Amino acid sequence: MAETIITPPILQGPTAKEKKYDRQLRLWAANGQAALENAKVLLLNSGSGVVGVEILKNLILPGVGSFTIVDETNVSELDLGVNFFLEESSLGKWRAEETCKFLQELNPEVKINALKESIDVFADNPSRLEQYSLILLVGPTTNARVLEKICEYADKSSIPLFYIHCQGFFSHFSVQLPAQFPIVDTHPDPASTQDLRLLNPWPELLEFLETKTRNLDSLSDHDHGHIPYLLILLHFLNIWKASHDAQAPANYFEKKEFKALVESGARTNNSEGGEENFDEAAAAVLKSLNPPSISSGLRQVFEADDCQNIKSTSANFWIIANAIRNFHTSHNGILPLPGALPDMKAQSSDYIQLQNIYKAKARSDLAEVTRTVRSSEQEVGRNPPIEQAEIEAFCKGAQFVKMIHGRPIRVAKCTAEIDWNDRAKVLSPELQTPDSLLPLYFAFLALDRYQDDIDRIQKVRKPADDEQLNDIMAGRVVSGAVPPLPMFAESAHFSTPTIDPEHDPKPWPRFDTPEARTTFDNVVKELDRADRGELHNIAALTGGMVAQEVIKVITKQYVLVDNTCVFDGIASKTAVFNI
Amino acid sequence: MGRDRFAKQSLGYLYPRIKQSRILMIGAGGIGCELLKNLVLTGFGEIHIVDLDTIDLSNLNRQFLFRQEHIKKSKALVAKESAAKFNPHIKLEAHHANIKDPQFNIQWFQSFALVFNALDNLDARRHVNKMCLAADVPLIESGTTGFNGQVQPIIKGKTECYDCSTKDVPKSFPVCTIRSTPSQPIHCIVWAKSYLFTEMFGTSDEETPEFDHSEDNENAKEIENLRQESQALNNIRQSMGSDEFARKVFDKVFKDDINRLRSMEDMWKTRKQPNALDFDGISKGASGTKPSIAQQDQKAWTVAENFTVFSDSLRRLSTRLQTSQSQTGIDTVAPVLVFDKDDEDTLDFVAASANLRSIIFGIESKSKFDIKQMAGNIIPAIATTNAMTASLCVMQAFKVMRGDIDKARMVFLERSAARVINSDTLKPPNPNCNVCGVMSSTLIVDPDRATLNDLVEDVLKSQLGYGDEFSVNNEIGTLYDPDLDDNLSKKFIDLGVKADSFLTVIDDDEENPRVNLSLAILEKTLPEDTKAVHLPKKLDIARKPKDAPAPITNGGTNGDTNGHVAASFVGTKRKRSLEDPENGQQQDNKRGKIQMPSKAVGVQDDDLVIADDSNDGAIVIDD
Ligand SMILES: [Zn+2]
């Protein structure tokens, strides 16, 4: 999928809308908001579906563009007990429409639709998914076929998909992203974004160094105690290099030695018995004198085909990444300077001058990257030009760019075994860990399988009493008669389920550690107790967690949950797994 | 099939107790709206909601019980109505009031099984913490900032209380930093908002919380100069409305005052000298700039643009003030304007003035958007964080109601995607806490007769055996200590010690001091022939544990027991600050206190020497 080009809207002063969204604009800025307002979200709802509605609530409030609910159920007495967006008069009416009515009140700007059809019918024609930018699928679906079909289609079309369960005290969600999902603005901790480039100083910085440290020994105590620490480091680096073949301290021992050299420069015959600026310099030796390197996230971006071969259809991201890659290559491995300075002991005039030197350098680096971008645009015939602000944001955060490799989520399948590939090896040790929440994930997987079994039985034999059938099936899961799990150590696959409902399915391998098995059994028991019902409070929490990740995916900002999160509401604990 | 089948199934034996519980929720803002929904659908029998605040447009992106048509209405009342509409079976009671009002006394707190704090300010949080400890009612404390959230169950005698660890307090700045030697954008913003704006349009003698006067004595001469400067500025105010007004103000604050500062050579030995601005020169350059530039709030304006916004907003504000002055009678109090981050006129003026001052001092200019955040103490807030935090509150409430204190946790939400939710076991009470590490008792007082001396002599010295070294304090400050005996003959009422307020007795005995004694005042008319002050039952006050480290105090903010904000500390923190913007009680934030990030701010001059002690995150300001 080609990335949509996001242009921040032209600000006409703070309109009522901007005022309304002020508190969130401070987290994801105008471009994040624009992305959110362009998003079209589809909710395929199942069961009591409260979690789906709670997610939507959290997307409607910040102003998602539009959403569509697919749900054919009518409102029951039970819904009124768990779904906040229904009232007495909704009883017996079409649930999606009733919910939409109340959801619309939360934000008149959001376009809201409801489709009265089952997910099964919807899945028969999955090309209808194309028109949405993000899919929320709530499980368990009526059967595994539906689930498989939708996930497959979303994967093929590179539409982000969230698969969600919420039952009793437990919940789970998995995120299926396109194979290459870059995030430029990961919002790193400001302290970690400082690149002082001390090992590659430029003329203006060296000139300033010279004026400040020329007569170091003759400076007054006050002036000596106010030399900015990074100038102290540069000064002693020059001294060091003079006796070390022009090389900077390279390893830990050399750095320790260098640190001692810096410390020896401090004056101690003053009233404080030391100097704060020299302390700052010594403390910064280990972290500030590293040769330039790039993060693994950025390396992956540089190595990607899209980065090396740009075309007229390339997304902004790749055009800029390509330009930064050029910068990196032509400057011996350094990145554009972010330009920010840490706080330090200094006279304010020196600090401001230093700030200006860094800013000026950041601007000239940005100008160089921009030139490359413009010439690439011309070369491949690309229009309209990428906004300067987008290039600048990339330059500032280049080191922290993250490339997420989305992959199809593992769902219970009816046609084939789940292909666990390398994941089985990674997850097996996790299963051996006491207190691991991973069994929770498998319990939900088993629930999907169990649902699939019920569906088949119902199709073969119309039971006179639905409730009785449910009881029988629930009993079978708890007793282990429907063996729900693979044992990772021995088999990385779910076995093929039996089609014959009259006989117990073929026994499945089980967990080999008692703890994992116990956790699993407890979760299954709890799921059975919940009887596929939701607790509002757990649905609300899960709705918050999922909506937060949805916003990150839509805005392409912040670091995402990659790719599965489970929540245990009894222990108030979450765990994130890459499955 | 009953509608509560799912809740019954999952909650088991707890469910009937939930249905019968009467609970209290304080704050109907971001967390409060979500919490109320969850409490209603969990099936709590009776829910009381207290909130002082009214609904604002900027609440609507997350406080989902409110809509456009509710703006300016009471949060508590609207929240109740909206929630009741969806679930008519629950008894809901709303109080549009300040939780510190006397009607919400200890007995009233005792009538609840559980209290939820969904507040946005330290002061109200501290108050509720104290009331819940006094009433012995479990408290679920919560707060959010952007993507971060935190939930803390507090149970008297079993867990830490809210004040067992110290909290950040709003940052204040030495007067001279703001008025004479600014070095950061925030200094200029505080100057524009709390000095210039107030002198021009507000009540100038009003005390500003951002000003720290502790260094005034050392700089007595400069403080006197500054006082005269303010006076002169105030005189200019008289010419408001005249054609020359803008020039006069501009010349005064951006030229004459700057030149005066410049002439003080000592001040600029280690700092960059400021450069005064020239009205005519800038005005000429700004002739092509339209006032509508004020709408471009994302970029830092040029000198000319700042000048244009400054003149234009000064005109707008002058007109407003004069219009309202002409409408008020002579006998009434003169109308003033108050800075409000959401009032464009006031924000434009503060943004442009702050930037002009920054330009003078060679400090980086900021965009109006950023200045709004800094001047208005805006804390980012989103629906998702509130939703999660509120649900976590209810989950902790289940544990507390089950009596599973061992399983209750301090829970955190984090921006990092590695875990989403983190938790920590609850710590036992801090024995040195000035709020819960204390002996508490009620003190029966006859309001017509009782004097402070009755307490000091009859109760503390004679009955309880205190030595000479101790102090009696209330939330305003110290009432009595060995060097402060002026109040002894005064009656409690004259000292402002009323029913349901607290006194804290701090033993300063060098050898073996007692733990602090907290006395909740209970007023009662007593027979003439009995003592006017007495304890309802005998007290055996424990001694402070030895060797335990004393908590780092924040002066007046620690336990509200003494009223002096010690300038040498600006707060320490163990976890993170809890601020839920716009939630509930807002009287503090409406005044727009500046809250600085908790990490150490830069040291660029000699005014503040800040050391970031990385061991415990304490921030200490030396003077
Ligand atoms: Zn405490």
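1. A quick definition before we start: a residue is called buried when its relative accessible area is under 20%, exposed when over 50%, and partly exposed in between, using a 1.4 Å probe and protein chains only. By that rule B:Gly437 is buried, because its relative accessible area is 17%. This is a predicted model, so local features need pLDDT of at least 70 and side-chain atom pairs count only at pLDDT 80 or more, while totals for chains, interfaces and linings use all residues. Residues are numbered from 1 along each chain as its sequence is written, chains are lettered from A and ligands numbered from 1 in the order in which they are written, and side-chain values use heavy atoms, with hydrogens and water left out.

2. Staying with B:Gly437, you'll find this residue in the loop between β10 and β11 of chain B. (Helices are DSSP runs of H or I with at least four residues, strands are runs of E with at least two, and both are numbered from the N terminus.) Contact here means heavy atoms within 4.5 Å. Not counting residues up to four places away in sequence, B:Gly437 touches B:Asn430, B:Pro431, B:Val515 and B:Asn516. B:Gly437 and B:Leu517 are 80 residues apart in sequence, yet their C-alpha atoms are 9.0 Å apart in space.

3. Now for the metal. Which residues hold the zinc ion? The coordinating atoms are the SG atoms of B:Cys161, B:Cys164, B:Cys433 and B:Cys436, at 2.2 to 2.3 Å. Donors are N, O and S atoms within 2.8 Å of the metal (3.2 Å for Na, K and Ca), and since water is not among the atoms, sites may look incomplete. Along the chain, the donors of the zinc ion follow the spacing C-x2-C-x268-C-x2-C. Distant parts of the chain are linked this way: B:Cys161 sits in the loop between β6 (148-154) and β7 (173-174) of chain B, and B:Cys433 in the loop between β10 (421-425) and β11 (438-445), 272 residues apart. B:Cys161 is buried, with a relative accessible area of 1%, and B:Cys433 is buried, with a relative accessible area of 1%.

4. On geometry, the zinc site is tetrahedral, with angles of 92 to 119° among its four donor atoms. Four donors get that label if all angles lie between 85 and 135 degrees.

5. Next, the nonpolar cores. A nonpolar core is a set of buried Ala, Val, Leu, Ile, Met, Phe, Trp, Tyr and Cys residues joined through side-chain atoms within 4.5 Å. The largest one has 117 residues, of which A:Phe67, A:Leu136, A:Phe162, B:Leu36, B:Ile47 and B:Phe116 touch the most other members. Helix α15 (residues 383-402) of chain B gives the most to this core, with 11 residues. Leaving aside neighbours within four places in sequence, B:Phe116 is in contact with residues including B:Ile23, B:Leu24, B:Met25, B:Leu139, B:Cys393 and B:Ala397.

6. Most residues other than glycine have a negative phi, and most peptide bonds are trans. A cis peptide bond joins A:Gly139 and A:Pro140, with omega about -5°, and A:Pro140 lies in the loop between β4 (134-138) and α7 (144-156). Another cis bond joins A:Asp562 and A:Asn563, with omega about 0°; A:Asn563 lies in the loop between α22 and β9 (564-568).

7. Two serines also stand out for phi. A:Ser158 has a positive phi of about 55° although it is not a glycine, and lies in the loop between α7 and β5 (161-167) of chain A. A:Ser158 counts as buried, because its relative accessibility is 16%. A:Ser572 has a positive phi of about 50° and is found in the loop between β9 and β10 (573-577) of chain A. A:Ser572 is buried, with a relative accessible area of 1%.

8. Lastly, the overall make-up. Chain A has 22 helices and 10 strands, and 58% of its 579 residues count as buried. Chain B has 17 helices and 18 strands, and 60% of its 623 residues count as buried. In chain B, residues 24 or more positions apart account for 71% of the contacts with a separation of 6 or more.

Conventions. Four donors count as tetrahedral if all angles lie between 85 and 135 degrees; four count as square planar and six as octahedral if opposite donors are over 155 degrees apart and all others between 65 and 115; anything else is irregular.
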